Amino acid sequence: MATAPQIQSVIDYRHLVQDGRLHGSLYTSPQIFADEMEQIFHRGWSFVAHDSEIPNTGDFVVRRVGTQSLIAVRSKDGEVHVFYNRCPHRGATLCQTSSGHRSRIACPYHAWTFALDGRLIGLPDEAAYPADFSKADAGLTPVARMDSYGGFIFVNLIPNELTLREHLGHATELIDALLGLSPTGRIQLSAGWMKHKMRSNWKMIVENQVDGYHAPMVHGSLIAANRTFATVRDRKPTSPTRVRDFGMGHSDIDHASDYRAAGDRLFRWTGGIDPERLPGYVKAMNDAYGPEDARRRLIEGPPHSMLFPNLSLAEMNIMVIEPVSPQHSIQYTIPVFLEGADDLNARTLRRCEGAMGPAGMLIADDAEIGELTQMGVANLEPEWIILSRGMGKEEVLANGVKLAGLMDETSQRGFWTHYREVMAASQEVSQ
Amino acid sequence: MTTATLERSTLSDTAVEQFLYLEARLQDEHRYDEWEALWASEDTLYWVPRRQDADPAREVSYIYDNRARLASRIRQLNTGVRHSQAPKSSLRRLISNIEISRNGDDVEVQSNFILIESRRANLTTWAGRTTHMLAPAENGFRIKRKTVVLVNCAEAIDNLAFLV
Ligand code: FES
Ligand SMILES: [Fe+2]
């Protein structure tokens, strides 16, 4: 029987992603979405969990990376392992809850039982298997590569040529800046994740995380309703805040440049808490870093950044973007607790709730605009999205980092430039 | 129980139920100021936890509004350009399984709700269990504390920018 001719529909990413414009199908095409899961999320480094989420032996979290469900678990020797959430016997899902604690991992189907390091340690009626059956070969399957930086654990399911450090590049400075707000250099992600259904493509969420252009419009209602929010930073086009393209798809909105320009006030990044109300934290920072450096850190605050492809250090929150389909994503949000800063942490928690998540006075409106944009780009015309604001006017530093004004689309172009390289390069190899 | 006390408790139970229905209607119809006026003037808490039995001092909640933040939330909705509620969702909720207990003057009310949200082409079902702490006041009650535990609070949820 003759088979239908194979459709050769290789997508030309170098055409769809141009320097100042993008093709609308990038947000809607199921084939592009499938390519992205493979090329970006499976063949590249993605954030999976933070060390502090699983502090004790037997603690685990279940996370989705690309299309894959993964278990990150801490074993007896204190090591973190990341396994596919699939029983090696006949494929059942091993962990159903998004987090928990187990002394061993037992499959609900036929009770094959695994140690926390993945070894198969027990199965009912083992003698019934043939002589060549080897328990040693039937343990949990770890991901191909796992590495961490500052407690942030990343995985790479289909190994590419980059180390995690090469992938992170200049973005390690952003992680360092966040960790450096703790007197011990450590953070704790222990407050639980809010999970927010977004009716938009994952890349729209990426773009919006580092968009300095939309706040006066999308967040105008909050600016009008909340004086603290309205006054804490300069949102005008003339703001000293820069957006930065770090290369490798990482970018940020560098609010520190605004806080520095505003001068002497510590803690603008907390909404302007009086330092006298945080004596324990301020003292711990002075002791840890010396008064001058502590002062700098407390003026500059945390990064507001997007690390390719799914991790956002969103000031005192961590946000993770989970693609679900071309039109749907889940956004995860957790407040950042700084070790050694209990007095600040209590406030960080309440601040996160006010702004972030499905009921947050900030993010619910971003979600709404994302949905409207997703609906908009489903229309075939105009074909192209315009992404050229500030193009060609960037300042390029000696290390290649690009700087531009708060409202310039330099940060999004940084993402897309890398996206194009990853998507086109892997395709060129496979052809 | 004498006839007189039975009548009094029946009457006030009815008053409690009527108060819940009034609150539900004000929320459904986005009558923000009238809803805010149902709250006591201070020391209030409007809490939507992220899981049953959460510790709000250590865990993040969807909503954990003291009186000032509640006022801010209402001010934002009243701007008319809170995009996640502009246009407003069309809402109707049913309240049932009401259980009332009294502690001195205060009334604790537990109830279940099912809420249908229509927004553009999406019809979303919300459900949960609400606990109200009510204090008697002129013309009825004032809300001192309201906790809403959504049945799907541990899963990913849609925008929750309307009043739940
Ligand atoms: S599928 Fe897991 S034990 Fe059979
Ligand atoms: Fe925003």
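## Exercises on a predicted model

At 31% relative accessibility, Lys144(B) lands in the partly exposed class. Keep in mind throughout that this is a predicted model.

**Exercise 1.** Find the salt-bridge partner of Lys144(B) and work out where both residues sit.

*Solution.* Step 1: look for a carboxyl oxygen by the side chain of Lys144(B). Asp106(B) supplies it, and the closest N and O atoms are 3.0 Å apart. Lys144(B) belongs to strand β6 (residues 140-150) of chain B, while Asp106(B) belongs to strand β4 (residues 106-119) of that chain. Step 3: count along the sequence. The two are 38 residues apart, so this bridge links distant parts of the chain.

**Exercise 2.** Compare two salt bridges of chain A: Arg74(A) with Asp51(A), and Arg297(A) with Asp293(A).

*Solution.* Step 1: get the distances. The N to O gap is 2.9 Å for Arg74(A) and Asp51(A), and 2.9 Å for Arg297(A) and Asp293(A). Step 2: check the positions. Arg297(A) and Asp293(A) both lie in helix α11 (residues 291-300), four residues apart, or about one turn of the helix. Arg74(A), at 9%, is buried, whereas Asp51(A), at 32%, is partly exposed. Likewise, Arg297(A) is buried at 18%, and Asp293(A) is partly exposed at 24%.

**Exercise 3.** List the atoms that hold the iron ion (ligand 2) and decide what kind of arrangement they make.

*Solution.* Step 1: name the donors. Step 2: read the spacing in sequence, which is H-x4-H-x146-D. Step 3: test the angles. Four donors count as tetrahedral if all angles lie between 85 and 135 degrees. Here the angles run from 55 to 147°, so the arrangement is irregular. Step 4: check the histidines. Both are buried: His214(A) has a relative accessible area of 15%, and His219(A) has 5%.

**Exercise 4.** Describe the surroundings of His81(A).

*Solution.* Step 1: locate His81(A), which is in strand β5 (residues 80-84) of chain A. Step 2: classify it. With a relative accessible area of 19%, His81(A) is buried. Step 3: pick out neighbours, among them Ile71(A), Ser75(A), Asp117(A) and Met146(A). Step 4: turn to Ser75(A), which lies in the loop between β4 (68-74) and β5. Ser75(A) is buried too, at 2%. Its contacts include Thr57(A) and Leu116(A).

**Exercise 5.** How do chain A and chain B meet?

*Solution.* Step 1: count residues. There are 38 residues of chain A in contact with 32 of chain B. Step 2: take the area. About 2900 Å² is buried between the chains, 47% of it on carbon and sulfur atoms. On the chain A side, Ala359(A), Met361(A) and Glu368(A) lose the most area to chain B. The interface has five salt bridges, including Asp158(B) with Arg199(A) at 3.1 Å. Step 4: find the main contributor. Helix α13(A) gives the largest share of the chain A side, eight residues.

Conventions:
Residues numbered from 1 in each chain as written. Chains lettered and ligands numbered in written order. Predicted model: local features only at pLDDT ≥ 70, side-chain atom pairs only at ≥ 80, totals over all residues. Heavy atoms only, no water. Donors = N, O, S within 2.8 Å, 3.2 Å for Na, K, Ca; no water. Tetrahedral: all angles 85-135°; square planar, octahedral: opposite > 155°, others 65-115°. Buried < 20%, exposed > 50% of the residue type's maximum accessible area, 1.4 Å probe, protein only. Contact = heavy atoms within 4.5 Å. Buried area = accessible area lost by both parts, 1.4 Å probe. Salt bridge = Lys/Arg side-chain N within 4 Å of Asp/Glu carboxyl O. Lists of a residue's contacts leave out its neighbours within four places in sequence.
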